[in-house]
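Hello,

Here is the structure I promised to pass on. Please open it first, then read my notes below.

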Amino acid sequence: MLKHFPVLFLILLLPSLVSARWIDDIAVIENSAVGTVAFSHYQHLEALGKNCVFCHNEVFNIDPQKNQPVSMAEMAKGQSCGACHNGQKAFTVAENCASCHPLGDIVFNVAEGDASFSHEVHTEMYSCSDCHPDLFIPDRSRNQRVSMDEMSAGASCGACHDGDTAFSVDENCSSCHAME
Ligand code: HEC
Ligand code: HEC
Ligand code: HEC
Ligand code: HEC
Ligand code: HEC
Ligand code: HEC
């Protein structure tokens, strides 16, 4: 047994060397609504064994052009990432949004002083569905710009920043805006 150890070791090591060298770790999936989603080959090969055919080419074609965009609703029914991320083989797409979607800070360009929104701060208190998609479609280009008057009346940030649930949009200008 022992004298086979180096051979065994090589056999086990080889696939990881091959995958590490020959394919890029991160495949970036472009989505028109949410920007980009990063997929890590290395983490998956680690979790699944070095088994390319789990995904190629039935679930994903290695040619990105050949993959149609898939909605979260379709994923929840077992397509794309949802083939495994169903709460059984791997964590479900019905939750864990932030595991796959990077949540950066959002800057709203305002002439009087840009306004900033932090996902990090808000997702400690709320879940995604408290804001998406009713208050904000998670796609910048599809949301109408909102005025401060509309916010005071309860739109956008004003749904919570009403002086009750959170500090009011009628004051505290510099809490959100880069202005004195
Ligand atoms: C858990 C699923 C999964 C496994 C297993 C997997 N891949 Fe992928 N692979 C993907 C996804 C997702 C993409 C991105 C597809 C897209 O962009 O539409 C991709 C893309 C690729 C691409 C194109 C890369 C690019 O940047 O355009 C190649 C090449 C590839 N995979 C090779 C492999 C090989 C070789 C293996 C086995 C060692 C493997 N994959 C295992 C999911 C997987
Ligand atoms: C063939 C099955 C399979 C497919 C398809 C698949 N995954 Fe996974 N994924 C797994 C398994 C198994 C794990 C590890 C177990 C877990 O974390 O629940 C995992 C873990 C992950 C993790 C956590 C990685 C870490 O360790 O931090 C992310 C993020 C992820 N997957 C994203 C994706 C995305 C995005 C897609 C679609 C583009 C996808 N996966 C498609 C099986 C799959
Ligand atoms: C396992 C990884 C994964 C998880 C978990 C996940 N997503 Fe996604 N999501 C993706 C990928 C990949 C795409 C892009 C798919 C494409 O373009 O084919 C996407 C696309 C989307 C889209 C645009 C398509 C659509 O359905 O309108 C929205 C919005 C979205 N995700 C929101 C969410 C929310 C909210 C959650 C949590 C409830 C979530 N996602 C959980 C991987 C994930
Ligand atoms: C308190 C409200 C709130 C919560 C909670 C929230 N978001 Fe957002 N999200 C926003 C706002 C505001 C925007 C920016 C909308 C715009 O630009 O018009 C945004 C934008 C996005 C975008 C687009 C990113 C971009 O750069 O434009 C994605 C993706 C997203 N959110 C995903 C999520 C996910 C996933 C969760 C849960 C983990 C979540 N959000 C929780 C308010 C929220
Ligand atoms: C779903 C409710 C909700 C929505 C929608 C919401 N917020 Fe908040 N926000 C809160 C709560 C609750 C707090 C913490 C309580 C407080 O500070 O009064 C908070 C805190 C903040 C803070 C202080 C964060 C810190 O660093 O301590 C800023 C800045 C902020 N929100 C900006 C925004 C902006 C900009 C928007 C709109 C794009 C927005 N919020 C939408 C509930 C919300
Ligand atoms: C909770 C965060 C928040 C607070 C507090 C806040 N704003 Fe805003 N404000 C925003 C966001 C976000 C936008 C951009 C909205 C959009 O484009 O959809 C905005 C837009 C604006 C605009 C451009 C739209 C318009 O109505 O003309 C002005 C000017 C403005 N704010 C001034 C103020 C002043 C003055 C105060 C204090 C009385 C204030 N804001 C308080 C978040 C806030």
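His85 is buried, because its relative accessible area is 13%, under the 20% cut-off. Keep in mind that this is a predicted model.

Together, His44 (NE2) and His85 (NE2) coordinate the iron atom of ligand 2, at 2.0 Å. The two sit 41 residues apart and link distant parts of the chain. His44 belongs to helix H2, while His85 lies in the loop between H3 and H4. His44 counts as partly exposed, at 26% relative accessibility.

Which residues coordinate the iron atom of ligand 3? They are Met72 (SD) and His101 (NE2), at 2.0 to 2.3 Å. This pair also links distant parts of the chain, 29 residues apart. Met72 is in helix H3 (residues 72–76), and His101 is in the loop between H4 and strand E3 (105–108). Met72 is partly exposed at 39%. His101 is partly exposed at 22%.

Last, the second largest pocket. Its volume is about 490 Å³. It is lined by 22 residues, and the closest to its centre are Phe39, His44, His85, Phe91 and Cys100. The lining divides into 15 nonpolar, 6 polar and 1 charged. Strand E2 (35–40), helix H2 (41–48) and helix H4 (97–100) each supply at least two of the lining residues.

Best wishes

Key: Residues are numbered from 1 along each chain as its sequence is written. Chains are lettered from A and ligands numbered from 1 in the order in which they are written. This is a predicted model: local features need pLDDT of at least 70, side-chain atom pairs count only at pLDDT 80 or more; totals for chains, interfaces and linings use all residues. Side-chain values use heavy atoms; hydrogens and water are left out. On a 1 Å grid over the protein atoms alone, a cavity is a set of points where a 1.4 Å probe fits but cannot get out, and a pocket is an open set with protein on both sides within 12 Å along at least five of seven lines; lining residues have an atom within 4 Å of a point. Grid points are joined across faces, edges and corners, and a volume is the space filled by probe spheres set on the points. Helices (H or I, at least four residues) and strands (E, at least two) are DSSP runs, numbered from the N terminus. Ala, Val, Leu, Ile, Met, Phe, Trp, Tyr, Cys and Pro count as nonpolar, Asp, Glu, Lys and Arg as charged, and the others, Gly among them, as polar. Donors are N, O and S atoms within 2.8 Å of the metal (3.2 Å for Na, K and Ca); water is not among the atoms, so sites may look incomplete. Buried means under 20% relative accessible area, exposed over 50%, partly exposed in between (1.4 Å probe, protein chains only).
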